[in-house]
Amino acid sequence: MQDSITQNVINALAGTFGKLANLGREVARRKPPSSLGAYDCYLLGVELHDRFTTDARAEAIRMLSRAVELDPGFARAWMTLGLAHAVDAFNAFTPDSAASVERWRECVEKALALDPTDPMTRLYMGALRAIGGDISGAAEEYDRALALAPNDADVLSMLASSRALVCGNPEEGCALAERALRLNPQAPSWYYAQLARARFVAGRYADSLSSLRQSPPDIPVTLMFRALCHALLEEPAQAQSIARRIAVEFPRFTVENFIRTYPVTNPLALAAIKEGARRAGIA
């Protein structure tokens, strides 16, 4: 119990949206733009990155780019800048997903050169290795990330969907995501998105929908998984309604682009996504 309480306190204080980071953002917001330092830009960039709107995402990349410009040795800022490009790629926020994936790779490689023991950077290198077809290498990176940070809620949450969608056991992904939520009482909405993806691949479609209701609501990937869940629950009207919304609001988004850029390489995940997309009528 003592260890559990300690882990909760650490995650509540030190996570990307823990109390210390939030206090830092409050201080940074009161500074004139010309006096923002690298860490200020990083904190504000992380906050913007998690808003998932087109304008906020562009500003997040600008702030994170400024952070690494001010401090080229800031490994975590390089990693987060790479993640921002990755999210743009698999949500098709960008007209050139391949270029965004390449930028993601460049940033992660720089982050790893600066700090090869950062667990989140190792996790994203796993995804990039899977994009290149190295699935066993991806699995090694995921195991390394977990060994480096077995009680870091952010890492556990991100690893959950990687276990489900890229390589691994989706039930283990569900357990990791649920543990992350227990560890971090300040959990942002993207934790629920990771849980939803793991539950989806595990075939728990109703539970996945429940988690999706707490996920970032108006982004293509959340909408896609909602449509897939409804389709596989034999609720075609709801699935097709969401599919039409995706086509109107996010015309660049396709299921194949998500599969290619996330990447989705776990056979269970591929089969479920493709069947759900077929039933929902999502291209």
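Modeller: I'll start with the overall build, go on to the cavity, and then look at some of the helices and loops.

This is a predicted model, so local features need pLDDT of at least 70 and side-chain atom pairs count only at pLDDT 80 or more, while totals for chains, interfaces and linings use all residues. Residues are numbered from 1 along each chain as its sequence is written, and side-chain values use heavy atoms, with hydrogens and water left out.

The protein chain has 16 helices and zero strands; these are DSSP runs numbered from the N terminus, with helices being H or I over at least four residues and strands being E over at least two. Of its 283 residues, 56% count as buried. Buried here means under 20% relative accessible area and exposed means over 50%, with partly exposed in between, using a 1.4 Å probe and protein chains only. If you take contacts between residues at least 6 apart in sequence, 60% of them join residues at least 24 apart, where contact means heavy atoms within 4.5 Å.

Now for the cavity. The structure holds one cavity of 30 Å³ or more, and the volume of the largest cavity is about 450 Å³. A cavity is a set of points, on a 1 Å grid over the protein atoms alone, where a 1.4 Å probe fits but cannot get out; lining residues have an atom within 4 Å of a point. Grid points are joined across faces, edges and corners, and the volume is the space filled by probe spheres set on the points.

In the largest cavity, 33 residues form the lining, and His-49, Leu-83, Val-87, Tyr-124 and Met-158 lie nearest its centre. The elements giving two or more residues to this lining are α3 (38-49), α5 (75-90), α7 (119-131), α9 (153-165), α11 (190-201) and α13 (220-232). Helix α5 supplies the largest share, seven residues. Sorted by class, the lining has 22 nonpolar, seven polar and four charged residues. For that sorting, Ala, Val, Leu, Ile, Met, Phe, Trp, Tyr, Cys and Pro are nonpolar, Asp, Glu, Lys and Arg are charged, and the others, Gly among them, are polar.

Let's pick a residue from helix α7: Leu-123 is found there. At 1% relative accessibility, Leu-123 is buried. Leaving aside neighbours within four places in sequence, it is in contact with Tyr-142, Ala-145, Val-155, Met-158, Leu-159 and Ser-162. Met-158 is a name you've already met, as one of the residues nearest the centre of the largest cavity.

Next, helix α11, where you'll find Arg-199. It is charged by class, yet it counts as buried at 15% relative accessibility. Its side chain makes a polar contact with the side chain of Ser-211 at 2.8 Å. A polar contact is a pair of N or O atoms within 3.5 Å; within protein, one must be able to donate a hydrogen and the other to accept it, and residues adjacent in sequence count only if both atoms are side-chain atoms. Not counting residues up to four places away in sequence, Arg-199 touches Cys-174, Glu-178, Arg-204, Asp-207, Ser-208 and Ser-211.

Ser-208 and Ser-211 lead us to helix α12 (residues 205-212), where Tyr-205, Ser-208, Leu-209, Ser-211 and Leu-212 are buried. Seen down the axis of α12, these fall within an arc of 160°, so they line one face of the helix; the arc is that of the directions from the helix axis to the C-beta atoms. The cover over them includes α11, α13 and α16 (267-280).

Over in helix α15 (255-261) sits Thr-261, buried with a relative accessible area of 4%. Its side chain reaches the backbone oxygen of Asn-257 at 2.7 Å. Beyond its neighbours within four places in sequence, Thr-261 is in contact with Ala-89, Phe-90, Ser-97, Val-101, Trp-104 and Ile-131. A cis peptide bond joins Tyr-262 and Pro-263, with omega about 0°, and Pro-263 is in the loop between α15 and α16.

Finally, a couple of loop residues. Ala-92, in the loop between α5 and α6 (97-114), has a positive phi near 60° without being a glycine, and it is buried at 8% relative accessible area. Glu-234, in the loop between α13 and α14 (236-249), also isn't a glycine and has a positive phi of about 60°, but this residue is exposed at 60% relative accessibility.

Technical notes: 1 Å grid on protein atoms, 1.4 Å probe; cavity = no way out; pocket = protein on both sides within 12 Å on 5 of 7 lines; lining within 4 Å.
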